[in-house]
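Trainee: Hi! Could you walk me through this structure?
Mentor: Happy to, let's look at it together.

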Amino acid sequence: MRAITVKINKEEMSKVDAFIKDINQDENMAAYAIDDITMSIVTTGDLSMAYVEALLELSFIEPVVQIIK
């Protein structure tokens, strides 16, 4: 299991709901919003987390990722 917290710019907070919805479609990943600019994302392993991190880079400008586990 891998877990991260992600903070994004306030200008991009309108993208958070759609991003979370996309992540939650996969049974190996779960995401939820902590507040308007912060998300928590959990995956079953390294491959799923690599996919999430790639999506973050494509979806947001300079997301700040903090590894939880």
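Trainee: Is Glu12 buried or exposed?
Mentor: Glu12 is buried, with a relative accessible area of 4%. Buried means under 20% relative accessible area, exposed over 50%, and partly exposed in between, using a 1.4 Å probe and protein chains only. Keep in mind that this is a predicted model, where local features need pLDDT of at least 70, side-chain atom pairs count only at pLDDT 80 or more, and totals for chains, interfaces and linings use all residues. Residues are numbered from 1 along each chain as its sequence is written, and side-chain values use heavy atoms, leaving out hydrogens and water.

Trainee: Which side chain meets Glu12 in a salt bridge?
Mentor: That is Lys15, at 3.1 Å from N to O. A salt bridge here is a side-chain nitrogen of Lys or Arg within 4 Å of a carboxyl oxygen of Asp or Glu. Lys15 counts as partly exposed, at 37% relative accessibility.

Trainee: And how many salt bridges are there by this rule?
Mentor: Two. Asp46 also forms one with Arg2, with the closest N and O atoms 3.2 Å apart. This pair links distant parts of the chain, 44 residues apart: Asp46 lies in helix H2 (residues 46-59) and Arg2 in strand S1 (residues 2-7). Helices (H or I, at least four residues) and strands (E, at least two) are DSSP runs, numbered from the N terminus.

Trainee: New topic: why is strand S3 largely enclosed?
Mentor: Because five of the six residues of S3 (residues 38-43) are buried. S3 pairs with S1 in the antiparallel sense over six bridges; pairing takes at least two bridges found by DSSP.

Trainee: What stands opposite Arg2 there?
Mentor: Thr43 in S3.
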